[in-house]
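These are my notes from a first reading of the model.

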Amino acid sequence: MLLTTFFNALVYWICRPFMRAGPFQVFGNLTASYIDFCYATFYKLITNSQKETEKLIASAVKNGTGKGKIAIVTGANSGIGYDTAKVLGQVGYHTILACRNLELGEQALTQLTEETGRENFELMSLNLASFESINKFVEEFKERHGSLHLLVNNGGVCMCPYSTTAEGLELQFGTNYVGHFVLTNALLDVLRRSGPSKIVNLSSLASYMNAGIDRELVTDKSKYNQSRAYYNSKLALVLFAATLARKLEGTGITANSINPGYVATNIFQHIGLSAKIQNMLFANTVMGSLTTLAVVLDQQYANTTGQYFVRCQPTYAHPSANSIKEQDELWGFTEELIAKHSDRRSYGTFL
Ligand SMILES: NC(=O)c1ccc[n+]([C@@H]2O[C@H](COP(=O)([O-])OP(=O)(O)OC[C@H]3O[C@@H](n4cnc5c(N)ncnc54)[C@H](OP(=O)(O)O)[C@@H]3O)[C@@H](O)[C@H]2O)c1
């Protein structure tokens, strides 16, 4: 829809002049957030997300998009990940719910089976905040399955007080981005073997909010800021998808990032937004999963790679994501972090 294209671009162009501009950045961010939120509210009113999802399901079933295929969704026990997994299962993907809390994962598995009447869901344990857990997950996955067609890097934490991963990395960057970096790299061999295959990273409007990747936010605890650390992790996910798209050109693997919009979920638990307020202001998780599902199931995006999607359309990504220099710097920084915090030098399988 043209109006959506216009508003997606407007939000970007409001942020754009402020992105590198220090003290005025907050002003740009607030203005862009306000306009984005107003349009999101209008978009919610004019979009029947249930109907759109049913359309995607119907065409995917007709085209056999998910038939005989395997998908992993991280953080699938709740929120956007749950609804994403549900639709993937409905269109035929054998869908793995990669969850850190197995009790919540079991509940989600039971509920998904009941709601869909299908048995093609599987629960596996994955804590993105632990390299050991990620390695174990990958080993078990490869023992159980010979192929992988879709990896949805959805799990995440938002604006929590300072904390660290099992290996001592700042928690938001460590979980949202580095955890998915390690997971994705370790699965690239099987994704490549199974091509065409897809990687989708869950980012956010937050990816527009910092000047670029801020290394000090990750390495210097005294610089920690709950919001900026979240922005940093969500921008890193956009750069990561763009880098993967570039490095994996011609391999049959596509990589994109998406912003799901404002969605009522548990992610806001550290900001103190009650469920009641969220339900009043934000979209539901059916709407929240729509952009991920469009990237995966909509035939027009079958070969799209290296893009950043908002409201089911590709739009402008933060300029850092288009800079090969900044992409490579982030990749190098990530490898350094992993080496420093583990006994593995690199998790890259294609470098
Ligand atoms: N909701 C929004 O408005 C919004 C906006 C922009 C972007 N996003 C992004 O959308 C994604 C999904 O979030 P959501 O809104 O659906 O929130 P959510 O319901 O809280 O889902 C987050 C999921 O991530 C899991 N998770 C957290 N830490 C993990 C770890 N260390 N290892 C494995 N899984 C972990 C959570 O597991 P537990 O249940 O065990 O905590 C949960 O299943 C996130 O990446 C978020 O940043 C959301």
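Entry 1. I looked up strand β5, residues 197-202, and found it mostly covered, with 6 of its 6 residues buried. I worked from a predicted model.

Entry 2. I then sorted the residues of β5 by direction. Ser197, Ile199 and Asn201 point one way, while Lys198, Val200 and Leu202 point the other way, and all are buried. In a regular strand, side chains alternate between the two faces of the sheet.

Entry 3. I asked which sense the pairing of β4 and β5 takes. Strand β4, residues 150-153, pairs with β5 in the parallel sense, over 4 bridges. I noted Val200 of β5 as the bridge partner of Val152.

Entry 4. I turned to helix α4, residues 79-90. Its 12 residues reach 17 Å from the first C-alpha to the last, close to the 16 Å expected at 1.5 Å a residue. I found α4 mostly covered, with 12 of its 12 residues buried; among them are Asp83, Lys86 and Gln90. Gly92 follows α4 and has a positive phi, near 110°.

Entry 5. I looked up how α4 packs with helix α11, residues 285-297: the angle is about 65° and the axes are 8 Å apart. The crossing of α4 and α11 is right-handed. On the α4 side, the contact is made by Gly79, Ile80, Tyr82, Asp83, Thr84 and Val87. On the α11 side, I listed Thr285, Val286, Gly288, Ser289, Thr292 and Leu293. I recorded the residues of this contact of α4 with α11 as 5 nonpolar, 6 polar and 1 charged.

Methods. Residues are numbered from 1 along each chain as its sequence is written. This is a predicted model: local features need pLDDT of at least 70, side-chain atom pairs count only at pLDDT 80 or more; totals for chains, interfaces and linings use all residues. Axes are lines fitted to C-alpha atoms, for helices over the stretch in contact, and angles run from 0 to 180 degrees between N-to-C directions. Helices (H or I, at least four residues) and strands (E, at least two) are DSSP runs, numbered from the N terminus. A crossing is left-handed if the near helix is turned anticlockwise from the far one by less than a right angle, and right-handed if clockwise. Two residues are in contact if their C-beta atoms, placed from the backbone, lie within 7 Å. Ala, Val, Leu, Ile, Met, Phe, Trp, Tyr, Cys and Pro count as nonpolar, Asp, Glu, Lys and Arg as charged, and the others, Gly among them, as polar. The expected span of a helix is 1.5 Å times one less than its number of residues. A residue is buried if 20 or more other C-beta atoms lie within 10 Å of its own, exposed if 12 or fewer, and partly exposed in between; C-beta atoms are placed from the backbone. Two strands pair if DSSP finds at least two bridges between them.
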